[in-house]
Amino acid sequence: MMNDPQGKIKSQHLRRNAYLYVRQSTLRQVLENSESTERQYALRQRAIQLGWSQEQIVVIDNDLGQSGASAADRLGFQKLVAEVGMAHAGIVMGLEVSRLARNSADWHRLLEMCALADTLILDEDGLYDPAHFNDRLLLGLKGTMSEAELHVLKTRLQGGIVNKARRGELLGPLPIGFVYGSDGKVQLDPDRQVQESLRVFFETFQRTGSAMATVKAFREQELSFPHRVHGGINKGELVWKALVHSRALWLLHNPRYAGAFFYGRTRQRHNPHGGIRFQKLPREEWTVFIPEAHVGYICLEQFEENQKRLLENAQNQGADRKKSSPREGPALLQGIVLCGKCGNRMGVRYHRIRERLVPDYVCQRDGIERAEPICQSIPGGGLELAIAALLLETVTPLALEVALSVEEELRRRSSEVEGLRQKHIERLRYEADLARRRYMQVDPDNRLVADELEGHWNEKLRAHKEAVEAMEEQRRAQVQALSQEKREQIMALAKDFPKLWNDPRTPSRERKRMVRLLVEDVTLIKDHGITAHVRFKGGTTQTIALPPAPSIGELRKNPAHLVGEVDRLLDNYTHSQIAAILTHKGMRTVDEAPLSRLSIRHIQQAYGLVPRYDRLRNRGMLNLLELSEQLGVSRATVKNWNQAGLLRSHLYNDRNDCLFEPMGDETPVKGKHKGLMASLRQMRLSRKNSSQQPDEVQYEV
Ligand SMILES: [Zn+2]
């Protein structure tokens, strides 16, 4: 037989199949290095020369594009081993046999099996019988060399890469918003729209403090976000897509936007079953981190701040926080309380009193970190009332400032977005112009091309028109929102702060928002009582001292103060008025619920207080019907007199029902009504004498 001078090939080999194993490590090799593939297939010819027939040759090429580093994912290699093990293979062929397996263990196992199953091995250099000691030694060496070669190659490449990275000169793909200049230095993308988009992105995050809110803001403004295509036929092209949450997080976590160069942020791990897993490393373990390596969109401090913010957000969503409601909770001062003992931010913990969540402010960050007892814990109920009272007192001089700053912020925001949108329109117009020029340049005889270019031009024109319309629409909506609703809301906040604050319909979220508009932070110290230093946004500070909070039991047993107040106010006010007055003074029910018309009625009835109607009757007041009958005039006339100021009306319930009495002596009366006035007063006096009149209580709100 030709090519087999040593006579290794026996008839039992030729009876079995010949297996040709074809592999290229990467897809790129498969695409570009077709010559090697051809050489591998050429081995087929050698097998035929050696005596195998065409039909006996089995080609295994499942592993094209798979790395040879491990056999685990390589189905083709596994199939080959199986065929050898079942003694179906007379010969195994590969371009370089060492390529069959680049992992020594795999390779030696294959050799062992080939020896046992009496299978020959063939490569471009020669023919081997693994059962022969010399051949086996040579094959073993080839495998070892091959593995060593791979290792050296890898180390050299990796070493070069790391060295370059250490100098900050490794030119990897850049994230969107950066390009390499002609000098190889990183610079901001010259495309203004891309730059603006990133600036707006980071500013929005800074303002909203959450990636989700940022994505939402982009969606609401219908802004798209730039994206550079990294592969395929459109490689390098800029596309505009909607911003998504994962991308927002990726951008926020990427230090390059702060101008820092980094390398080795992740570590590769081989899974036991093959495949690779990427593990994120903490900053200290990164191979390279060079701050201020190039220009950026934010400063490094801002970047660190963002990381902290994202971490906090993540912790808010974490399992350990889920027990208490994280953000919608009623704690007024959540997030702005500082511990006066250690300086850490204090957290909120809720406990439940009759279906109501009552906050406690707790300093436990260090406690958790070092497993120590908590630093201090302060009951929130009384504190919040005191802060609310302080705000109600202070808000007037601050009101205008707040209103103005809010409005300023809104205006700035809308102009920012407007600029970005303008840029988008400019780009679309530029593209339309470009399409038009292309259309004009084409030879008119070339119908097909001209038609296509015309269609393209039309498409661009339409996109431009739509964008302009969208902008007009948004602008209209925005101006409206600013001029009417928002302005009114803001002015209302400034004017009606106490009313808004006390309105039970105002959600606690809104109250929190109002507090945040006004207060920078609150520092709390607990010794005998509680001292709270409140720092307002303008920089002024106020200190309030609270007596030690009464225990819940004490409050339950001792509602006398509240009952006394209600009793006093019933002389002059209706239930809902009393509720408003007492709430304004910072009072609540014994259960710490806000006071309402019904709770005042409940107190009045439960403690047997004289109803307001009876009090007014006792003071000699008459209703409309009684007055009109006694005076012999129509009810309309009585109403007229009331309006003319001859009578004084008193609400006695919350349905606008009144009782009437004549005006006091001090009121000057015009000549025409003098006689009438005298008889009215007479009437009241006679009534007054017939009943006991309780002492008049003066109460000024
Ligand atoms: Zn503390």
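In helix α18 (residues 575-584), the buried residues are H575, I578, A579, I581, L582 and T583; buried means under 20% relative accessible area, exposed over 50% and partly exposed in between, computed with a 1.4 Å probe on protein chains only. Helices (H or I, at least four residues) and strands (E, at least two) are DSSP runs numbered from the N terminus. G586 follows α18 and has a positive phi, near 90°. The model is predicted: local features need pLDDT of at least 70 and side-chain atom pairs count only at pLDDT 80 or more, while totals for chains, interfaces and linings use all residues. Residues are numbered from 1 along each chain as its sequence is written, and side-chain values use heavy atoms, with hydrogens and water left out.

The protein contains 23 helices and 22 strands. Of its 701 residues, 38% count as buried. Contact means heavy atoms within 4.5 Å. Among contacts between residues at least 6 apart in sequence, 60% join residues at least 24 apart.

The zinc ion has four protein donors, C339 (SG), C342 (SG), C363 (SG) and C375 (SG), which lie 2.3 Å from it. Donors are N, O and S atoms within 2.8 Å of the metal (3.2 Å for Na, K and Ca); water is not among the atoms, so sites may look incomplete. The donor atoms subtend angles of 98 to 120° around the zinc ion, and the arrangement is therefore tetrahedral, a class that requires all angles of four donors to lie between 85 and 135 degrees. For comparison, the ideal angle for four tetrahedral donors is 109.5 degrees. Along the chain the donors of the zinc ion have the spacing C-x2-C-x20-C-x11-C. C342 counts as partly exposed because its relative accessibility is 38%. C375 is also partly exposed, at 35% relative accessible area.

Two packed helices are described by the angle between their axes and the distance between the axes. The axes of α5 (residues 104-117) and α6 (residues 133-166) come within 9 Å and cross at roughly 160°; axes are lines fitted to C-alpha atoms, for helices over the stretch in contact, and angles run from 0 to 180 degrees between N-to-C directions. This angle makes α5 roughly antiparallel to α6, a term for angles over 145 degrees. The contact involves S104, W107, H108, L111, E112 and A115 of α5, and R136, L139, G140, G143, T144 and E147 of α6.

Most residues other than glycine have a negative phi. E222 has a positive phi, near 55°, and lies in the loop between α8 (211-220) and β8 (225-228). With a relative accessible area of 59%, E222 is exposed. E292 is likewise not a glycine and has a positive phi of about 55°. The loop between β13 (288-290) and α10 (300-317) holds E292, which is exposed at 75% relative accessible area.

V92 belongs to strand β3 (residues 89-93). Its relative accessible area is 1%, so V92 is buried. The C-alpha atoms of V92 and I121 are separated by 4.8 Å, and the two residues are 29 residues apart along the chain.

Key: Tetrahedral: all angles 85-135°; square planar, octahedral: opposite > 155°, others 65-115°. Parallel < 35°, antiparallel > 145°, perpendicular 65-115°, else oblique.
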